[in-house]
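Hi there,

Here is the structure I promised to pass on. Have a look at it first, and then read my notes below.

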Amino acid sequence: MASLAPERVAALVVAAGRGERAGGGEPKQFRPLRGRPLVVHAVEAFLGHPRIGRVHVVVPGGAEGRRILGPLAERVGLSPGGATRQESVRLGLEALGQADPPSHVLIHDAARPFVPAAMIDRVVDALAQHPGACPALPVVDSLRRGGATVAEVVDREGLWRVQTPQGFDFRAILEAHRTAAPGATDDVAVAHAAGLTVALVEGDERAMKVTVAEDFARASALWPRVITTGTGFDVHRFGPGDHVWLCGIRIPHGRGLLGHSDADVGLHALTDAILGALGAGDIGVHFPPSDPRWKGAASHLFLAHAGRLVADAGGQILHVDVTIIAEEPKVGPHRPAMCARLRDILADHAPRVSVKATTTEGLGFAGRREGIAAQAVATLSLPG
Ligand code: CTP
Ligand code: MG
């Protein structure tokens, strides 16, 4: 089968809707899913696909779309959309056609963040034989038309749920849009009305459209992910002082802990555990002891930084567990405050937290009361 020249195949991502059904202030396609806006996920899928030569994004008027796309804005074409999806697509096609029009175009909803590469392949493959191609899934539920009661039984045989990207011969779909009546909810409807043959190719459940607020959680659950675990360990020596910091809590004590920062062994071990689970080095790489900025620093800054790195990677902290190894001070009375403080520092990432303590029965450096040790485990969920 002859295949299309990738440099002549464009993707048109429509992201100019208001997302009214999803609610929530900002349009849904600009809201984050697993750390990144929906539209960014969609654009990256096409930019990273070897059979797509260029990407054009239709955004609302104003600078918001460019801002949301960040550095990606330099790698795509951008133009403003219209009042309806159909209008936005037509305007996007006109913009794409202005200089060096592509031979084919894949038109995609920004509200569908997951675009499996194999699905793009299936659409592009079909375009070698047909002027249009559309991913679709068979309807499996029984269908009934009605209001409060069933008025009619509808046979589901031969019915399909269609998704995007929908691919077309560029000239043909541009012409179809120029002459189309308003009211089409997708481009297959426009193509079909113009008499174009549209092939059905296999869709993918993961290519779901985020339409209502609950769909963010559903889409997130469909995303491939890996569970990673990291461990951390830290020790600080006792010295002069009248308090120690443990897991972000200041505990009055007859001695202090020596260290470049505030010597909070609990937060240091936990920060390392999270960095370990991320594969992002250790606390010394991010906050070198040689840097005077971190002298006497409050260690919650280190932990908050690790939490942000997880969010930036599109991950979630599922659980953290810290064990403090010390003969003194007594940790038990402070445990609830420590757990609350850890949840507070890791604010937006809502982890389940646990803090425990043990002595070493008088053995070793901790047993001789020369210092305090802590170990920690962090469990993360990361994009696969
Ligand atoms: N879209 C667009 N321009 C419009 C309307 C919609 O570019 N005037 C885009 C949306 O941004 C979305 C896709 O078309 O990526 C699918 O439309 P839909 O799911 O209906 O999104 P919205 O129209 O934004 O949502 P709602 O209908 O709930 O307001
Ligand atoms: Mg809409």
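**What I found**

Glu-44 has a relative accessible area of 31%, so this residue is partly exposed (buried means under 20% relative accessible area, exposed over 50%, and partly exposed in between, with a 1.4 Å probe and protein chains only). Before I go on, please note that this is a predicted model, in which local features need pLDDT of at least 70 and side-chain atom pairs count only at pLDDT 80 or more, while totals for chains, interfaces and linings use all residues. Residues are numbered from 1 along each chain as its sequence is written, chains are lettered from A and ligands numbered from 1 in the order in which they are written, and side-chain values use heavy atoms, with hydrogens and water left out.

**Salt bridges**

Glu-44 forms a salt bridge with Arg-36, and their closest N and O atoms are 3.0 Å apart (a salt bridge is a side-chain nitrogen of Lys or Arg within 4 Å of a carboxyl oxygen of Asp or Glu). Arg-36 is partly exposed as well, because its relative accessibility is 32%. A search of the whole structure finds 21 salt bridges.

Another one joins Arg-218 to Asp-215, with the closest N and O atoms 3.3 Å apart. These two residues are 3 apart in helix α7 (residues 215–222), so about one helical turn separates them. Helices (H or I, at least four residues) and strands (E, at least two) are DSSP runs, numbered from the N terminus. Asp-215 has a relative accessible area of 7% and is therefore buried.

Asp-291 pairs with Arg-293 in a salt bridge whose closest N and O atoms are 2.9 Å apart. Here Asp-291 is buried, with a relative accessible area of 17%, whereas Arg-293 counts as exposed at 61% relative accessibility. There is also a network: salt bridges with shared partners join Glu-87, Arg-90, Glu-94, Glu-175 and Arg-178.

**Aromatic rings**

The structure holds 4 aromatic pairs. Rings of Phe, Tyr and Trp (its six-membered ring) pair if their centres lie within 6.5 Å; planes under 30 degrees apart count as stacked, over 60 as edge-to-face and the rest as tilted. One of the pairs is Phe-287 with Phe-302: the ring centres are 4.4 Å apart and the planes stand at 35°, so this pair is tilted. It links distant parts of the chain, since Phe-287 is in the loop between α9 (283–286) and α10 (300–312) and Phe-302 is in helix α10, 15 residues apart. Both Phe-287 and Phe-302 are buried.

Phe-302 also pairs with Trp-294, with ring centres 6.1 Å apart and planes at 80°, so that pair is edge-to-face. Trp-294 counts as buried at 14% relative accessibility, and so does Phe-302 at 4%. Phe-287, Trp-294 and Phe-302 form one aromatic cluster.

Elsewhere, the charged end of Arg-255 sits over the ring of Phe-238, 4.2 Å from its centre (NZ of Lys or CZ of Arg must be within 6 Å of the ring centre and within 35 degrees of the ring normal).

**Domains**

The domain assignment, which is automatic or from a database, gives domain 1 (6–222) and domain 2 (225–383) for the protein chain. Their C-alpha centres lie 46 Å apart.

Best wishes
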